[in-house]
Amino acid sequence: MYEWSEEHRELRAEFAHWYETLGEGHLEADRDSGLPMRAWERVRASGLLRLPFHAEWGGRGLDLLSTMYVLEGLGEGCRDGGLCFSICTQIVSAGIPLQRFGSAELKARHLPGICDGGTITAHAITDPNGGSDVLGMGMTAKPDGDDWILDGDKVFVTNGPVADLIVVYALTDASLGPFGLTAFLVERGTEGVLAGADVPKMGLRTSPLGELSLRGCRVPAANVLGRPGMGFAVLDHVMRWEILCSFIVQVGAMQHRLDRCVEHATRRRQFGRPIGSFQMVADQIVDMKIGVETSRRWLYDAAEGFVRGRDVTTDIAIAKVLASEANVKSALSAVQIFGGRGYLTETGLEKDLRDAVGGTIYSGTSEMQRIRIARMLGLKESQT
Ligand SMILES: Cc1cc2nc3c(=O)[nH]c(=O)nc-3n(C[C@H](O)[C@H](O)[C@H](O)COP(=O)(O)OP(=O)(O)OC[C@H]3O[C@@H](n4cnc5c(N)ncnc54)[C@H](O)[C@@H]3O)c2cc1C
């Protein structure tokens with residue numbers, strides 16, 4: 001298991017006092033939906049959004065593993081899963097690809113605001129035609145002088161309803177397959193950009209999600225991340241960060257839930273004994289423990305391999321399937337272990353379950369991750 005240094009522990013402790021206040025009022029915020037702006041102001045003040053960005057832009061300059069270690073603490077300490085999801089989206093959607101692929105001019109213009117959280121960011125990959133099949137998207141970009149003209153619609157854009165800056169993925173040449181995809185940095189005020197309102201959803205309700213429409217939207221060539229045709233490489237880099245960061249937050253949430261269930265199963269008595277002494281209850285808690293430990297190890301190991309430049313395609317896919325499915329199972333077990341109380345809104349456990357389900361869908365569904373693993377094993381599918 002990964003050995004954390006004293007420096008790491010101090011770093012996590014430095015942020016720990018924020019977590020409870022970030023999650024304050026999370027049950028009401030879930031009921032109301034939408035990004036809780038007062039909490040977002042506290043997120044900004046906490047400095048969490050600065051973690052992996054260079055000091056030059058106002059960041060903390062942490063490496064990926066240290067960033068994940070702090071984010072795991074966030075998941076453990078903050079009960080607002082939607083807010084945590086929006087924090088991760090803010091970190092990975094535009095800042096990470098900008099830092100890695102953006103020009104010096106773009107970085108200077110946008111990274112300070114992203115680090116500070118005054119510029120809210122999102123990324124728009126999925127569209128009505130292209131979901132799991134990203135290259136099936138309908139969004140196109142055509143060259144026009146020094147600019148590109150973007151046309152199409154996007155759906156399920158996390159942070160979209162409030163975003164100031166959006167990375168939009170569009171097809172610049174559909175005949176080139178993966179080399180025909182390009183990532184564009186689009187500012188909200190650009191003519192032809194229309195961001196829809198928050199769309200109601202099952203969970204993660206404090207993380208706004210909406211549609212985005214681009215009609216004849218003129219974007220300067222200088223706003224391309226990397227080069228035209230490099231969109232798939234940009235997306236691959238971002239998806240690795242997204243999976244590692246958002247699911248390590250869920251590991252923290254699973255750890256918190258496990259501790260809570262152990263405490264409840266020790267205290268709650270039925271038939272004259274603590275319910276944790278019944279094997280069937282203990283088994284569920286043991287499975288929660290196995291789920292959180294395996295997810296944690298796979299995520300940190302995959303991150304380490306990624307940082308070292310190893311091919312971690314299979315590792316990331318395994319880590320994503322493990323963590324997302326373990327989180328759903330753990331959330332469902334917690335409801336069961338708390339009995340009728342688990343079903344009540346006031347315990348927050350039914351919200352945890354609703355929040356967890358999305359994890360098997362975003363960042364590539366469980367099915368697509370399994371397809372990726374099968375491909376890496378040399379197994380060819382018949383249709384895709
Ligand atoms: C909470 C949340 C936040 C999101 N945030 C963002 C965001 O910020 N930006 C963004 O661009 N998108 C976002 N998404 C969208 C998400 O990435 C897509 O929903 C996901 O990629 C699946 O695409 P789809 O919904 O079109 O489903 P589809 O691709 O239509 O898939 C439907 C079902 O069919 C299965 N399926 C598809 N193809 C195959 C196959 N070849 N073999 C087996 N099964 C298959 C899928 O696994 C799934 O179960 C978000 C989604 C959610 C739920």
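Mentor: Begin with the domains. This is a predicted model, and the protein is divided into domain 1 (6-120), domain 2 (122-228) and domain 3 (232-376).

Trainee: How many residues of domain 2 are in contact with domain 3?

Mentor: Twelve residues of domain 2 are in contact with twelve residues of domain 3. On the domain 2 side, the touching residues comprise eight nonpolar, four polar and no charged. The centres of domain 2 and domain 3, taken over C-alpha atoms, are 30 Å apart.

Trainee: Which residues are closest to the ligand?

Mentor: Gly131, Ser132, Thr158, Thr365 and Glu367 are the closest, in a shell of 21 residues around the ligand. Two or more residues of the shell come from each of β1 (121-124), β3 (147-158) and α12 (366-376). Domain 2 (122-228) and domain 3 (232-376) each supply at least three. Sorted by class, the shell holds eleven nonpolar, nine polar and one charged residues.

Trainee: How should I read a helix?

Mentor: In general, an α-helix has 3.6 residues a turn, so residues three or four places apart point the same way. Take helix α4 (residues 64-77): its 14 residues reach 20 Å from the first C-alpha to the last, close to the 20 Å expected at 1.5 Å a residue.

Trainee: Why is α4 described as largely enclosed by the rest of the structure?

Mentor: Because eleven of its 14 residues are buried. Among them are Thr67, Met68, Tyr69 and Gly77. The buried residues of α4 pack against α1 (6-22), α5 (81-101), α7 (231-267) and α8 (279-307).

Key:
Residues are numbered from 1 along each chain as its sequence is written. This is a predicted model: local features need pLDDT of at least 70, side-chain atom pairs count only at pLDDT 80 or more; totals for chains, interfaces and linings use all residues. A residue is near a molecule or strand if its C-beta atom, placed from the backbone, lies within 6 Å of it. Helices (H or I, at least four residues) and strands (E, at least two) are DSSP runs, numbered from the N terminus. Ala, Val, Leu, Ile, Met, Phe, Trp, Tyr, Cys and Pro count as nonpolar, Asp, Glu, Lys and Arg as charged, and the others, Gly among them, as polar. Domain bounds come from an automatic or database domain assignment. The expected span of a helix is 1.5 Å times one less than its number of residues. A residue is buried if 20 or more other C-beta atoms lie within 10 Å of its own, exposed if 12 or fewer, and partly exposed in between; C-beta atoms are placed from the backbone. Two residues are in contact if their C-beta atoms, placed from the backbone, lie within 7 Å.
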